[in-house]
Amino acid sequence: MKNKKILVVMGGVSSEREVSLCSGEAVYKALISMGYNAHRFILDEKNACDIAKEEPDLCVLELHGKGGEDGTIQGMLELMNIRYTGSGVASSANCMNKILTKKMLVFGNIPTPEFFVIKKGENIRKFAEEVVSAFGFPVVVKAPCQGSSVGVEIVHDIQELEAAIAHNIDYDGEILIEKFIKGTELTVPVMRDGDEMIALPIVEIVSENKFYDFESKYTTGMSHHIIPARIPDDAAQSIEAYAKKAYAALNCSGVARIDFFVDAENRPYVIEINTIPGMTATSLVPDSAKAAGLSFEELVEKIVLQAM
Ligand SMILES: Nc1ncnc2c1ncn2[C@@H]1O[C@H](COP(=O)(O)OP(=O)(O)O)[C@@H](O)[C@H]1O
Ligand SMILES: [Mg+2]
């Protein structure tokens with residue numbers, strides 16, 4: 001196993017390039033420390049095809065966002081017959097687009113906040129009035145295919161709602177509007193261990209900002225991970241069950257992180273699914289793994305062995 005050539009693919013061209021470089025470096029170092037034949041591959045606009053020249057036995061994908069987490073590089077690797085970690089083409093694409101994810105969740109009877117969708121060119125005023133009469137305020141406006149809270153706004157009146165739609169619609173050509181859930185934010189890593197699907201401990205996320213925005217995600221001290229999450233046992237059990245159900249419904253592989261909210265009555269809602277979650281030393285998945293007694297290196301090794 002240890003002489004197999006492993007390429008840790010990181011960087012990419014999305015707005016999450018810097019985060020990806022951190023994840024990739026941490027995973028690369030972990031593989032080297034365990035004696036694996038690991039190499040770095042820094043992806044940019046032009047060099048994706050050079051991956052084949054490296055003749056890797058496995059690509060460990062530590063890319064986030066568009067061009068990395070959305071099924072495109074996965075499709076290229078499939079065509080080149082190169083093995084890779086994480087979810088496949090369709091699963092990656094469905095999880096990258098929050099609207100598609102939610103449609104699959106609804107079909108699978110997995111709770112997710114109620115939502116509306118507006119496409120570019122449709123009447124924003126008419127749509128906003130419809131949203132307000134159904135949900136009231138606040139509501140959450142999201143560009144559906146971004147990450148790291150880019151294109152996410154919580155709005156409190158109709159002017160803000162219309163403005164948020166107008167200035168975020170060009171990201172992806174459509175906008176997701178979600179009912180705001182007042183409660184506790186949680187996340188659950190799910191992976192396969194042999195033939196078994198396992199959920200790692202639930203992490204509660206507490207942000208110093210109004211929500212878990214870009215700044216609180218990536219600035220030390222601006223958010224806190226609480227493990228185990230401060231929720232009742234029965235809520236925790238149902239979240240774990242829904243996390244596994246969501247992983248299966250979206251056909252995920254490798255490690256996926258299922259993000260949740262629970263409302264004041266401890267009712268869970270799936271917010272989104274991340275198919276290549278952050279893997280820096282301070283990211284959510286490694287923290288959860290640590291609470292389960294799994295070191296960063298052991299976690300990385302599990303991901304590699306599963307993909308092989
Ligand atoms: N329905 C919601 N109710 C309340 N807060 C939300 C809701 N959806 C998202 N948020 C807040 O916005 C953040 C980013 O939204 P999310 O859908 O996870 O997008 P991203 O892919 O950018 O992480 C979440 O971490 C959470 O703090
Ligand atoms: Mg998120």
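Predicted model: local features only at pLDDT ≥ 70, side-chain atom pairs only at ≥ 80, totals over all residues.
**Exercise 1.** Classify E265 and R267 by accessibility, and describe the contact between their side chains.

*Solution.* 
Step 1. The relative accessible area of E265 is 54%. Exposed means over 50%, so E265 is exposed.
Step 2. R267 has a relative accessibility of 45% and therefore counts as partly exposed.
Step 3. The side chains of E265 and R267 meet in a salt bridge, with 3.1 Å from N to O.

**Exercise 2.** Identify the salt-bridge partner of D172, locate both residues in the chain, and classify each by accessibility.

*Solution.* 
Step 1. The partner of D172 is K66, and the closest N and O atoms of this salt bridge are 3.3 Å apart.
Step 2. D172 belongs to helix α7 (residues 158-172), whereas K66 lies in the loop between β3 (58-61) and α3 (72-79). The two residues are 106 residues apart, and the pair thus links distant parts of the chain.
Step 3. Buried means under 20% relative accessible area; D172, at 19%, therefore counts as buried. K66, at 42%, counts as partly exposed.

**Exercise 3.** State how many salt bridges the structure holds, and name the residues that are linked in a network with K29.

*Solution.* 
Step 1. The structure holds 19 salt bridges.
Step 2. E25 and R40 are linked with K29 in a network of salt bridges.

**Exercise 4.** Describe the open sheet that contains β4, β5, β6 and β7, and state which helix packs on this sheet.

*Solution.* 
Step 1. The four strands follow the order β4-β7-β5-β6, with antiparallel pairing.
Step 2. The edges are formed by β4 (115-119) and β6 (152-155), each of which pairs on one side only.
Step 3. On average, neighbouring strands of the sheet are turned by 20° against each other, direction ignored.
Step 4. Strands β5 (residues 139-142) and β7 (residues 174-179) pair in the antiparallel sense over four bridges. V139 has K179 in β7 as its bridge partner.
Step 5. Helix α6 (residues 124-135) packs on the sheet and touches β4, β5 and β7. The direction of helix α6 makes about 180° with that of β4.

Key:
Residues numbered from 1 in each chain as written. Chains lettered and ligands numbered in written order. Heavy atoms only, no water. Salt bridge = Lys/Arg side-chain N within 4 Å of Asp/Glu carboxyl O. Buried < 20%, exposed > 50% of the residue type's maximum accessible area, 1.4 Å probe, protein only. Pairing = 2+ DSSP bridges. Axes fitted to C-alpha atoms, helices over the stretch in contact; angles between N-to-C directions. Contact = heavy atoms within 4.5 Å.
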